[in-house]
2 protein chains.
Amino acid sequence: MGARQLHFNLFLHDTGHHEASWRLPSSDPHANLSLEAHQHLARVAEDAKFDSLFLADSPAMFGEPGRRPAGRIEPTVLLAALAVSTQRIGLIATASTSYNEPFNLARRLASVDHLSGGRAGWNIVTTAGDAAARNFGLEGQPLHKTRYERADEFLDVATKLWDSWADDAVVADKEAGVHTLRDRVRPISHSGAYFSVEGPLNLARPPQGHPLLVQAGSSEDGKEFAARWAEAIFTAQPTLAESQAFYADIKRRVLAAGRNPDHVLVLPGIVPVLGETEAEARELEEELDRLIAPEYAIVQLAQLLRVDPDRLDLDAELPDDLPSEEAIEGAKSRRTLVVDWARRDRLTVRELIGKLGGGRGHRTFTGTPVQVADTIQHYFENGAADGFNIMPAVLPSGIEAFTSSVVPILQERGLFRTEYAGTTLRDHYGLPRPANRLDPAAEEAAS
Amino acid sequence: MGARQLHFNLFLHDTGHHEASWRLPSSDPHANLSLEAHQHLARVAEDAKFDSLFLADSPAMFGEPGRRPAGRIEPTVLLAALAVSTQRIGLIATASTSYNEPFNLARRLASVDHLSGGRAGWNIVTTAGDAAARNFGLEGQPLHKTRYERADEFLDVATKLWDSWADDAVVADKEAGVHTLRDRVRPISHSGAYFSVEGPLNLARPPQGHPLLVQAGSSEDGKEFAARWAEAIFTAQPTLAESQAFYADIKRRVLAAGRNPDHVLVLPGIVPVLGETEAEARELEEELDRLIAPEYAIVQLAQLLRVDPDRLDLDAELPDDLPSEEAIEGAKSRRTLVVDWARRDRLTVRELIGKLGGGRGHRTFTGTPVQVADTIQHYFENGAADGFNIMPAVLPSGIEAFTSSVVPILQERGLFRTEYAGTTLRDHYGLPRPANRLDPAAEEAAS
Ligand SMILES: Cc1cc2nc3c(=O)[nH]c(=O)nc-3n(C[C@H](O)[C@H](O)[C@H](O)COP(=O)(O)O)c2cc1C
Ligand SMILES: Cc1cc2nc3c(=O)[nH]c(=O)nc-3n(C[C@H](O)[C@H](O)[C@H](O)COP(=O)(O)O)c2cc1C
């Protein structure tokens, strides 16, 4: 093993995480629907030995369609295609526990794990917003607390379904005419507050046992959920101090939940903006901010804060009397992050929109490759991160720049792999294959 | 165009449609979960210029896990992977209207259509059986009639979601900062007996307008549903006369529903069993039947007929007092097909199991390549079929034999293409791209 190693996840996002990236002359504005564009990004990340790539998602229109590419290929489908185009990199799909049935989603995630030889991960989200709810027969979103309760039971059902086939169930004995041992495939007979699911799953246990479980909610309920279920955590932390506090908080909660803190990796999002000189990097950042269309951005900000857009003045600070985190049922922790940031740095609405358009609350690392590598190492060695969720402002150029200039520095310093050691996503993250929950005999044998 | 052309669909099924195919020495008993096995089959079919390939599915265990490979990769996921491995062939996924939400399924099918450049199809099924129901919070399956009512509304919602983006919605105007015309992306505001869906879909209109709509239910309700929605129909017909009757019946119903009968293709399933001589072909058939394990098969037959397995005697005919089609809520038309066949040919239960293990009610065409080509041509030219659903008893050998020996004969006779003329699945089947249901202006311009 050697020294503790960094982990990198590429957060795919069409032409980049910056709001206006699609408007650059070099950007393909149809990249959001392009297989080739995604294949290229996946290969760049895999060539650099990234642990994984990741697709965000929501079962509703994401923001205003006018302002930036709004349509997205559904992640399990897109990652199945990328499984064919790659050999080693992990493939993490976002899917909602509020707007899926556990049988169907557990099946699809297991399918991607089988197809990819054990490279599937699931970013578990509860999906904020009324727009999604109204696509599923509801008038508005269920309460935040209700969504997390359902998420808990969803995970209970999904993990039992994955475990409904014992690892040794398939014998494929041609002579005897027995393909699968019938008593090693078991119903789960789950009956709970949200779901009744008989099982078994109609698919053998996934190569990884369970696909890797990833989580990205940072509210109180979100962090408790993560402590119980997550193996990797995406998070938006604007400063080093906040990253450190979040990191310590999560590891403590994991321990309190009776799990091993080393088996839950914290991956803050960073937006690397690179230049040969620091000045060049800053110029790139400003060029992008000038392309943001504030009339669209203000509507989205108002939605997040639950105020009337007319109450936001581009050249003033946020109003004092905003609804509190407790009062909103949407993305609680994101609302608080944004408000705290604006207040602390006394940002005008226009400045705030610039920050959000770039990294949407994630930390921007602007500078030369050595400067960015230094910051990464500093976070990694000072209790702020186990690795990073890399969110380039512009794609593919931003990931090409990061992998060709920053990654080699970190490899040279012995902080990041130069070859994949294993074949599965769990191998890359150094996480164990879970024991079978329905199979105490196998658990004993394994321990 | 020239003369009317045959259409071929390859019905994928692990190591073959014969119950016992996995037990042959040459079979890979893990083919059901193998990407490579599916890629090979897809390429063989594409090299032969097949219109499409197809995956069956159910959200529950399919039959007894002991007896044959029971696990299946979920079809939209598997076909997304095959989209990358092929260029032209159509990709038809089975998905249930009873156990999906229209928003999620419409999204995934549209995703496959985008990824594949317009090659997606949907085999719409209502899913018979209590096992599936019990994976979704129900005690048993909803009534047959209820399932078809829900299917009708499901199609109404799905087609509106696909049409929620006008074809000209995306303008990608970098200069103006307008990616999509906001008034060309419209909510559907559907509110019905089974679904309330606000929309719009979070994905541009699929390349084909709608993925190709395929259907396979043959009960009275099933045929009426097909007449309203289907563009291609899979069906199991054991004789020429029954195929002709079904064909005429469907075309009549389509006309009565106000649609063009040429825009609904009837594709009976056939199991080609080929030999250099007729005797060799018959030998292959018998070898396979000897491998069937009757103790498993009898349980499945009893389930279909809704009788106690103890009442079925392997060496006697079926009991006289079976429940009628009206009395069962599962796969009505399949039950009737099986009973009629057994009664007409006075089959013992053992003989019936042999027939079902081979083609599961579909017609077996056994003989030399010329004999099989002759039968295909005879069906095609005598009002029994617009093409065929090819269901080889053994895979991949059965499709390799069919494409290398039967297809060239039909190509020589001018009945089947030697090159793809178009790029989409609709192009291959000669079916029009549907007008946008929410966009009367565009419809007028197109007509
Ligand atoms: C890096 C990152 C990625 C996220 N991706 C998604 C996503 O794809 N879909 C989604 O609904 N929410 C996503 N979220 C939002 C979180 O799931 C969560 O809803 C949000 O952080 C608010 O936290 P809470 O749900 O605990 O209140 C993401 C958050 C972060 C930090
Ligand atoms: C070629 C063919 C393929 C079929 N594939 C499926 C399938 O994948 N999943 C499924 O639930 N039913 C499948 N069926 C069954 C039909 O959808 C339908 O349930 C059955 O024919 C009974 O008809 P009914 O539903 O109209 O009573 C298939 C039928 C045929 C003929």
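## Ligands and ring pairs

Me: How far is an oxygen atom of ligand 2 from an N or O atom in the side chain of H144(B)?
Reply: This is a predicted model. A polar contact needs N or O atoms within 3.5 Å. For H144(B) and ligand 2, the distance is 2.9 Å.

Me: What share of its accessible area does ligand 2 lose to the protein?
Reply: Y148(B) also brings a side-chain N or O atom to 2.9 Å from an oxygen atom of ligand 2. The backbone of S218(B) has a polar atom 3.2 Å from a ligand 2 oxygen. On its own, ligand 2 has 600 Å² of accessible area, and the protein covers 89%.

Me: Which elements give two or more residues to the shell around ligand 2?
Reply: The shell holds 22 residues, with D57(B), H144(B), Y148(B), S219(B) and S333(B) nearest. Its residues divide into eight nonpolar, twelve polar and two charged. The elements, from chain B, are β4, α5, β10 and α10.

Me: Which residues are closest to ligand 1?
Reply: An oxygen atom of ligand 1 lies 2.6 Å from a side-chain N or O atom of S219(A). Another listed contact is to a polar backbone atom of D57(A), at 2.8 Å. Of the 22 residues that surround ligand 1, the closest are D57(A), H144(A), Y148(A), S219(A) and S333(A).

Me: How much of ligand 1 does the protein bury?
Reply: T94(A) has a polar side-chain atom 3.5 Å from an oxygen atom of ligand 1. Taken alone, ligand 1 exposes 610 Å². The buried part of that is 89%.

Me: How many aromatic pairs are there over all chains?
Reply: Rings pair if their centres lie within 6.5 Å. By this rule, the count over all chains is 34.

Me: How many residues apart in sequence are the parts that F50(A) and F402(A) tie together?
Reply: The two rings sit edge-to-face, 6.3 Å centre to centre, with 90° between the planes. F50(A) lies in the loop between α1 and β2 of chain A, and F402(A) in helix α13 of chain A, so the parts they tie together are apart in sequence by 352 residues.

Me: Are F50(A) and F402(A) buried or exposed?
Reply: Buried means under 20% relative accessible area. On that scale, F50(A) and F402(A) are both buried.

Technical notes
Residues are numbered from 1 along each chain as its sequence is written. Chains are lettered from A and ligands numbered from 1 in the order in which they are written. This is a predicted model: local features need pLDDT of at least 70, side-chain atom pairs count only at pLDDT 80 or more; totals for chains, interfaces and linings use all residues. Side-chain values use heavy atoms; hydrogens and water are left out. A residue is near a molecule or strand if one of its heavy atoms lies within 4 Å of it. A polar contact is a pair of N or O atoms within 3.5 Å; within protein, one must be able to donate a hydrogen and the other to accept it, and residues adjacent in sequence count only if both atoms are side-chain atoms. Accessible areas come from the Shrake-Rupley method with a 1.4 Å probe; for residues, only the protein chains shown count as cover. Helices (H or I, at least four residues) and strands (E, at least two) are DSSP runs, numbered from the N terminus. Ala, Val, Leu, Ile, Met, Phe, Trp, Tyr, Cys and Pro count as nonpolar, Asp, Glu, Lys and Arg as charged, and the others, Gly among them, as polar. Rings of Phe, Tyr and Trp (its six-membered ring) pair if their centres lie within 6.5 Å; planes under 30 degrees apart count as stacked, over 60 as edge-to-face and the rest as tilted. Buried means under 20% relative accessible area, exposed over 50%, partly exposed in between (1.4 Å probe, protein chains only).
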